[in-house]
Amino acid sequence: MAQMRENKDDGLIRCDACPVLCRIRPEKTGACNRYGNFEGKLTRVDPVVVVQKALDEDCELVPFARASEEWDGSLISQAPTFLTGIGSTTTYPDYKPAPFIVSSDQDGVDMVTVVSEGVFSYCGVKVKIDTDAYIGPEPAPIRVKGEQVGHVTTAEYGSQMLAIGGVRHLTGGSKKEGMVTCNTMMRLCNKEPVEMTIDGGANIIVQGGEPPIINGFKEERMRVGCGSATVGIFAPQWKDHVDEVIVVDDHITAVLSEHQAGQFLDMPLAGIRVRGRRSTLGRYFQVADHGAGWGGTDVEDPLDIIEKIDEDIAWPGLRLLMVSTTGQDSAWYVLDDNLAPQPTKMPQEVKLVVDRIGENCEPALCTVMFMAGAGGSLRAGVTINPVHLTRSVRASETQVTCGGAPVFVWPGGGITLLVDVNQMPDNSFGWVPTPALVAPIEFTVRRDLYERIGGYSDKVKNIHDVISELGNIRSVPWRENHPWPPEGMARKDKV
Ligand code: SF4
């Protein structure tokens, strides 16, 4: 718990919950707005959050969606309760035990959960944007208010990826860069929209759980696959209604009759050659530049990517479909007597398959993952012998959660975790002006194992006693798709 030192003359209180050591005037809050000097006491402004299993009158679990609508934030006395790190206070640099070390009974097994807010200067945010729209080149700087806060990183299948934050931007540049980076990460992690610009690329608004807004347009669809995948999926459905399909894509543009799929279906070559570098049969890279046109390219008129039509192979009346990987752009042509493509009304059977591309696209979406290293001094708030905590996490004896949400712990050294912020309660994150991000973290372990790893056994208090002493508390419903940490860990055999 944060402690205070009072100056009797001017009423100032010093907060020691982080190294900034704010001296807070009466009725004011410290730099992070999390602590205030009220009625002469150092007071945590925001509530501690507990997660509770919502039960109906038959003691059946109430689904999260229903419970979250009905819940007014008050505590339910009989419901199973998990104390989260949200609002629990920070102890960085962790020269004392964590703010709360609570015991609970799980099926007759004595469990311990160590609860804290971590102060993370080694942390970052990974953003996955499901869209075929081009946002900028790798590894272009990403800026907020003119400051670089991250960069565009390796695109994944159907998704653009951003790496934001990290210690270099937080503390390795100017003070302003660090503060803007910290604020950007906090807002993203708290599920707020953040506007960013990418050097040589787009202006984007990112918000976890929402579609991206790219250059002012709200994106709708994630592509069904690259051009080659799209041809592979839909070739049998096109075969009887077309002579050629060209799927325009920023990665791989595909030409059906040349493609393996067309050959498998015994389709004759159509003699339409597209620009770009041929990779393998019917698969072309770099048919155009990146841009806001068809399939994440700069193509506005799809005929621009046709390099030539071979008069020895093509024929008048040849039916050509050009389509993007989301099906949002499409055009139907028939070659005239001069083998020039003439725009024509698309037949219903072909339109049906184009619509099916759209039907198979998932919605455009931003996913925000918080990534942080909890393998440093934070461990000293859990045990006097920190490496034993690391080994216990590695051995899956100790469950790590953030605000009650499950995390992925990277293999290898340290406790480097990754968590989907949309699985965490709202406003889970704070900041301190060192600058660093403040995030909730909980370690749940069987009590006998906690003692064995060197835990602070003399600091363990019953969860109900702790909760009854807390004045400012908010309850949120447990998500039924999350494991209940004490339950899983209670079953662990001794190792
Ligand atoms: S920044 Fe916040 S946590 Fe740090 S000393 Fe000031 S009030 Fe306390």
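**Close-up views of a predicted model**

Figure 1. Met322 faces Ala331, a residue of strand S25, across the pairing. Strands S24 (residues 319-324) and S25 (residues 330-335) run antiparallel and are joined by 5 bridges. Helix H4 (residues 227-238) packs on the sheet, where it touches strand S18 (244-248), strand S19 (253-255) and strand S22 (283-285). The direction of helix H4 makes about 150° with that of S18.

**Figure 2. The open sheet of 7 strands.** The strand order is S21-S22-S19-S18-S24-S25-S26, and the pairing is mixed. Strand S21 (277-280) and strand S26 (341-343) each have a single partner strand and stand at the edges, so one side of each lacks a neighbour in the sheet. On average, neighbouring strands of this sheet are turned by 25° against each other, direction ignored.

**Figure 3. The surroundings of the ligand.** The ligand is surrounded by 13 residues, and the closest are Cys15, Cys18, Cys22, Gly30 and Cys32. By class, the shell around the ligand holds 11 nonpolar residues, 1 polar residue and 1 charged residue.

**Figure 4. Leu21 and Lys145, two residues with positive phi.** Most residues other than glycine have a negative phi. Leu21 is not a glycine, yet has a positive phi of about 50°. Leu21 lies in the loop between strand S2 (13-15) and strand S3 (23-24). Leu21 counts as exposed because 11 C-beta neighbours lie inside 10 Å. Lys145, likewise not a glycine, has a positive phi of about 50° and is found in the loop between S11 and strand S12 (147-156). With 14 other C-beta atoms within 10 Å, Lys145 is partly exposed.

Figure 5. Most peptide bonds are trans. Pro435 belongs to the loop between strand S32 (430-432) and strand S33 (436-446).

**Figure 6. The domains of the protein.** The domain assignment gives domain 1 (4-44), domain 2 (49-121 + 371-411 + 437-490), domain 3 (123-220) and domain 4 (227-360). The centres of domain 2 and domain 4, taken over C-alpha atoms, are separated by 54 Å. Along the principal axes, the C-alpha atoms of the protein fill a box of roughly 95 × 50 × 40 Å. The secondary structure comprises 10 helices and 35 strands, and buried residues make up 47% of the 495 residues.

Definitions and conventions. Residues are numbered from 1 along each chain as its sequence is written. This is a predicted model: local features need pLDDT of at least 70, side-chain atom pairs count only at pLDDT 80 or more; totals for chains, interfaces and linings use all residues. A residue is near a molecule or strand if its C-beta atom, placed from the backbone, lies within 6 Å of it. Ala, Val, Leu, Ile, Met, Phe, Trp, Tyr, Cys and Pro count as nonpolar, Asp, Glu, Lys and Arg as charged, and the others, Gly among them, as polar. Domain bounds come from an automatic or database domain assignment. Helices (H or I, at least four residues) and strands (E, at least two) are DSSP runs, numbered from the N terminus. A residue is buried if 20 or more other C-beta atoms lie within 10 Å of its own, exposed if 12 or fewer, and partly exposed in between; C-beta atoms are placed from the backbone. Two strands pair if DSSP finds at least two bridges between them. Axes are lines fitted to C-alpha atoms, for helices over the stretch in contact, and angles run from 0 to 180 degrees between N-to-C directions. Two residues are in contact if their C-beta atoms, placed from the backbone, lie within 7 Å.
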